[in-house]
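Subject: Structure for you to look at

Hello,

Here is the structure I said I would pass on. Please open it next to this message and follow along.

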Amino acid sequence: MNALVALCHFCELHGPRTLFCTEALHPPSPSPSSQAGVPVPGDRDRDGDREGEGLTMRANSSATQRGEMCDGCRSLPASHPGFVSIDDETGIRFLSHQHPRQPQLFSVVRQACVRSLSCEVNSDVCPGREGPIFFGDEQHGFVFSHTFFIKDSLARGFQRWYSIVMVAMDRIYLINSWPFLLRHLRLTIQSLQSTALKVFDNEQGVCPQRAVRMNSVFSPAVFPHQRSGNAARSLTSLTQHPNLWASLHSSFSWLLKACGSRLTEKLLEGAPTEDTLVLIERQTEQEEEMSCWEGAEGGGSKSQRHLSESELGHDFLCDYAKLDELPGPKFRSLRHLRQVLGAAEFRQLVWHVLMGNQVIWRGADPGLIQSAFTVLKSLVPVGCVRSVPYSAQYEEAYKCNFLGLSPDVPIPTHVSSSEFSVLVDVSSERSCQISVMGEDDVSSLYQFTISSANTQPTDRGPTLLNKLEVALNNENLSVDVVSHCLLCLKEEWMNKVKVLFKFSKVDGRGREDTQKVLALLGATGPGEEDNVRLLKFWMTGLSKTYKSHLMTAVRGGERSPSQ
């Protein structure tokens, strides 16, 4: 990641100062001559210069600036070689010293330090002096800053003010990394604060400074000397950490490496699909919730519990490639599921899935049920999936539309008598000759019973199901080709959902006009009722990004005539 991390301090005598800075140096691209094995004159000299710069990393400040530095705003002496770590995989070197190695970065970090400790905390954007904030511009870079206090028994107010800033030129990348940075920077800050608090408590136990200050008589001649003495206390003295700067170098280097590798660019053909947008939104929400739990008191156990629930609810990320990881017999594809259940039972089950009804599988094999859900969830958009893979108790339909139950869980009466649910009971058939059929033959090991209170015919529509069955019936089409056909059908009907949402929900058109749009979209005719139900159900799977974009466009259109 093209960024750097810096620890900053507000010195009571000299103002905001940079204490420690870690930057990443990427290896140079090989020249054509070097690739051919021909030595280039001056390469050895440049390598030596580069190594010398990386190891000495002298502070980019004048003699006057160095003279103005006190112990409180100095980390490593100018003669210190600094710290260097090399990533063997990428060849990236992580260099740490008090100031950046490159002179042009010195002013950038200096400005970020000043704004994080003086300008930005007084604005309305950052209420309170502790916490994260984002600021910057295209010219000087963008900054993620987290300010915090360190306890000091000799400081004014018994605390000193610090900040950790990450500076990068890529605004989008930095904003997308906000939850990750916040979570890990808080760990570093909490470690510094807890270590300094122990030192503070020990010093207060030996000589309580509050009582000393209350009993001392104010003297104009004494106050400047006392203030000067208090301001010259280093962070090493406050924490009593013998390897403080080496520890911060390791922490900052790991942060730069991890932040750069956690997000990768992917080339997409066309605009991102609704499934992609929904997955990104859910991942962002999960990271933000984790950060909130970790920031709250006693959040460790809550965060752990949240993770387990999220893993159960986010198993829609599974795809056909991960089916092989499931133990025991399993469904391999939609065609395999249709062969096992039978054409009529398969159509009934898929009809309930497309209509948004609750699909319940009850059996003793969680792996088999999870494989069935993985196959069936490919029929609907990701935003329409609410799954509980396996549970020891019934969950209501508003919580999940895919529910796996252990065999002894009773189904409530209001569910079994409802037309908006379907139950698949899985029972073992161990009496069959398994040795002949094979251990992985689902049809020889289990018997499936499908039941539902629905009385509506399922042989008319929806149109998507009719086309899907044509593809499944064609044995000349492989499983991969059928999957691509399903993907195209989903995209086609998702585009119809967007048109219907814009027309009915955003524009607020009446029933008669909506019926005309449905006819234009090809949703009328045979199976019209099923098509409309499918469109309305899939409308709930639209991403927040798309809905917000439509509402913003509508509001902008309403303002433009008046302007």
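This is a predicted model: local features need pLDDT of at least 70, side-chain atom pairs count only at pLDDT 80 or more; totals for chains, interfaces and linings use all residues.

Residues are numbered from 1 along each chain as its sequence is written, and side-chain values use heavy atoms, with hydrogens and water left out.

The sheet is open and has 5 strands in the order β9-β10-β8-β11-β12, with mixed pairing. Helices (H or I, at least four residues) and strands (E, at least two) are DSSP runs, numbered from the N terminus. Two strands pair if DSSP finds at least two bridges between them. At the edges are β9 (387-391) and β12 (446-451), each pairing on one side only. From one strand to the next, the twist averages 15°; axes are lines fitted to C-alpha atoms, for helices over the stretch in contact, and angles run from 0 to 180 degrees between N-to-C directions.

β9 runs parallel to β10 (residues 402-405), with 3 bridges. In this pair, Ser 387 is opposite Phe 402.

β8 pairs in the parallel sense with β11 over 5 bridges and with β10 over 4 bridges. Val 359 stands opposite Val 422 in β11, while Ile 360 has Leu 403 in β10 as its bridge partner.

Of the 5 residues in β8, 5 are buried (under 20% relative accessible area; exposed is over 50%, partly exposed in between; 1.4 Å probe, protein chains only). Gln 358, Ile 360 and Arg 362 lie on one side, and Val 359 and Trp 361 on the other.

Regards
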